[in-house]
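Biologist: Could you walk me through this model, starting with the ligand?
Modeller: Gladly, let us look at it together.

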Amino acid sequence: MSNISIHPVKESRAKDLDFDAIPFGEVFSDHMFVADYRDGKWQDARIVPFAPITMSPANLTLHYGQAIFEGMKAFKTEGGRPVLFRPERHASRLNESAHRMCMPDVPEQLFVDAVNKLVGVDHNWIPPKKGSALYIRPFMFATDEMIGVRASHTYKFMIFTGPVGPYYSKPLKLVTADKYVRAVPGGVGEAKAAGNYAASIYPTELAHKEGFDQILWTDNIEYKYIQECGTMNVFFVIGDTVVTPATNGAILKGITRDSLLTLLRAKGVKVEEREVSIDELIEAHKAGELKDAFGAGTAAVISQISRISHKINGEYYHMELPPVDQREHSISLKEEINNIRAGILADEHSWMHEVKVLDTVMG
Ligand code: COI
């Protein structure tokens with residue numbers, strides 16, 4: 001067990017919360033976790049009241065973006081027990097990102113203990129409703145104060161949490177990328193690095209202006225091979241096969257992606273991880289074989305796609321997908337994963353980890 005001190009708030013803000021009206025990512029729980037990397041090791045691991053942090057204008061992260069994060073969730077089971085979904089996998093993915101960004105590892109035990117303790121202290125912030133969750137945001141950033149381009153020698157690893165409902169509220173209208181890319185093999189697309197999200201913001205704004213919800217990201221050479229959609233991995237059901245782009249260095253190794261593949265394979269569904277081209281989607285759509293399409297990520301879990309638009313010779317070709325209530329896999333997968341998290345279905349893959357409630361906070 002890691003040595004983590006707890007400095008609780010005097011009174012919890014949770015009692016003022018309306019769990020039925022929470023915008024995504026705008027409400028934060030009482031506490032946050034902080035640890036500092038100095039002299040080659042993580043020090044002063046602590047849980048303190050959620051509060052702003054100060055930094056020098058010369059902080060390296062502000063200039064060169066040595067910053068990574070994770071997105072994970074805690075749930076309440078039907079019996080009211082707080083549980084985490086796949087915390088060890090999130091710990092190891094943070095370190096995969098850290099490695100690519102030349103940042104230090106966070107010992108997996110420290111990561112898992114920190115998440116457990118923080119959620120244990122703020123368990124009263126976990127929304128009770130199935131499908132809602134406590135979103136957990138672990139992140140690490142450089143803290144050296146200098147503006148030479150090099151790896152920082154000091155870092156902060158922090159975690160805060162906040163209750164959330166659904167990330168995308170309706171099925172998505174996507175437009176294929178044909179000029180800007182999110183990431184390229186050999187770049188940092190496989191890392192959960194802040195810069196990947198920064199690169200997506202301007203093209204996504206342009207897509208919004210044209211009436212689309214999100215971008216279906218493609219490769220940077222032919223703008224033809226699909227990578228991700230919006231901030232999620234993407235799945236298609238073509239005939240009786242579920243297909244998702246194989247990770248290739250530009251695609252995040254999504255933990256929801258991996259969990260859905262595992263559930264599908266366990267059910268004997270034909271699953272393929274391989275290159276998927278827009279041409280293949282258009283052909284399948286014309287043949288009536290494109291049965292379902294959905295994004296998958298921690299925040300959204302599963303978000304159905306209602307339409308994919310792709311420009312051919314300056315004109316949009318629109319692929320309308322079947323009505324959402326007729327989709328076989330996206331509906332049943334979402335139900336299945338939510339039921340595992342709620343403790344209604346057996347946790348066959350040992351994904352769920354119970355959190356010990358720590359009653360340190362009054363009120
Ligand atoms: C997640 O699904 O957790 C993500 O990382 C998306 C986030 C940028 C909202």
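Biologist: How many nonpolar, polar and charged residues are in the shell around the ligand?
Modeller: The shell has 5 nonpolar, 4 polar and 2 charged residues, where Ala, Val, Leu, Ile, Met, Phe, Trp, Tyr, Cys and Pro count as nonpolar, Asp, Glu, Lys and Arg as charged, and the others, Gly among them, as polar. This is a predicted model, in which local features need pLDDT of at least 70 and side-chain atom pairs count only at pLDDT 80 or more, while totals for chains, interfaces and linings use all residues. Residues are numbered from 1 along each chain as its sequence is written, and side-chain values use heavy atoms, with hydrogens and water left out.

Biologist: Which residues are around the ligand?
Modeller: With a heavy atom within 4 Å as the criterion, they are Phe69, Gly71, Tyr135, Arg137, Tyr167, Lys192, Tyr197, Thr231, Gly297, Thr298 and Ala299.

Biologist: And how far is a ligand oxygen from the side chain of Lys192?
Modeller: An oxygen atom of the ligand lies 2.5 Å from an N or O atom in the Lys192 side chain. On the backbone side, a ligand oxygen is 2.8 Å from a polar atom of Ala299, and one is 3.2 Å from a polar backbone atom of Thr298.

Biologist: What share of the ligand's accessible area does the protein cover?
Modeller: The protein covers 91% of the 280 Å² that the ligand has on its own, using the Shrake-Rupley method with a 1.4 Å probe.

Key: Polar contact = N/O pair within 3.5 Å; in protein donor to acceptor, adjacent residues only side chain to side chain.
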